[in-house]
Amino acid sequence: MNREKALRFGRRMAFAALAMLAGACGVNEVPSWDSETSAYAEFSSGPELVYSFAGSPAEVTEAAVEIPLTLHLDPAARDRAIWLELAEGPANEATKFDFPTEVALLRGKTSAIVHLTLYRTPNLAAEADALTLRIIDSPTVRAGIPELRTCRVVVTDRFVQPDWWGDEYDDYYNPVGPCNDVKLRLWFETFGNFDDPRHGGRAWTGADAVIALSLINKASMEKYGKPFHELQPTDEPLNN
């Protein structure tokens, strides 16, 4: 067999092999995209949230925390179930909590809520604790990407420093001073929340920020006899 005949023979053999392969793989065997079986769920609250009992009346012994879940892809054409597990428990065995291991995702919906119950145990007044929930595959909903399939919940009975307190602008001008428990408690007593009076801005020169500083300094002078930014963790009220 000369070289030209050999090439023609090789091409015929290749085409025959491809035809046999195509015949072996029918159209029905090619997997198709199915949003019903490919849907996945993630925590839409972010990888961590913090809950504090501080500021709540003494008779409050538990709290219901809602953690949102999001279903990606099409709304469910039937009821589905999102499964959860405890990925990491609290460091202190005295910390108590309850959560469902199955969350219903109703037909036509793309979101659901995890109802987590946290209990106000005495250890939380001394030190914060945490637990981590994780979404796992269920028969009807898959777990999302690793970064969003878990949610760490920090629980404490002490005030938590808000994100806006101690930002980069404070290196230049800090009218509230370093954060501590005494300041946090007085701030909450004065305003009832930890909203940023700058409304996300950097300077403390806006009308609301100036009013907030005036009110908090007045409260500090009345209760502790010194400006707010000078308060120390060991300061006691004047009339204590």
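The following legends describe close-up views of one predicted model.

Residues are numbered from 1 along each chain as its sequence is written. In this predicted model, local features need pLDDT of at least 70 and side-chain atom pairs count only at pLDDT 80 or more, while totals for chains, interfaces and linings use all residues; side-chain values use heavy atoms, with hydrogens and water left out.

**View 1. The secondary structure elements of the protein chain.** The chain contains four helices and 10 strands. Helices (H or I, at least four residues) and strands (E, at least two) are DSSP runs, numbered from the N terminus. Read from the N terminus, the order of elements is α-α-β-β-β-β-β-β-β-β-β-β-α-α. Of the 240 residues, 34% count as buried, where buried means under 20% relative accessible area, exposed over 50%, and partly exposed in between (1.4 Å probe, protein chains only).

**View 2. The open sheet of five strands.** The strands follow the order S2-S10-S8-S4-S6, and their pairing is mixed. Strand S2 (48-52) and S6 stand at the edges with a single partner strand each, so one side of each has no neighbour in the sheet. From one strand to the next, the twist averages 25°; axes are lines fitted to C-alpha atoms, for helices over the stretch in contact, and angles run from 0 to 180 degrees between N-to-C directions. Two strands pair if DSSP finds at least two bridges between them. In general, strands of a sheet pair through backbone hydrogen bonds, either parallel or antiparallel.

**View 3. Strand S4 and its partner S6.** Strand S4 (residues 80-88) and strand S6 (residues 102-105) run antiparallel and are joined by four bridges. Within this pair, Trp83 stands opposite Glu102 of S6, and Ala81 has Ala104 in S6 as its bridge partner.

**View 4. Strand S4 and its partner S8.** S4 and S8 also run antiparallel, with five bridges between them. Leu84 has Ile135 in S8 as its bridge partner.

**View 5. The surroundings of Thr132.** Thr132 belongs to strand S8 (residues 129-136). This residue counts as buried because its relative accessibility is 11%. Leaving aside residues up to four places away in sequence, Thr132 touches Glu85, Leu86, Ala87, Glu88, Thr150, Cys151 and Arg152. A contact here means heavy atoms within 4.5 Å. Across the protein chain, 69% of contacts between residues at least 6 apart in sequence join residues at least 24 apart.
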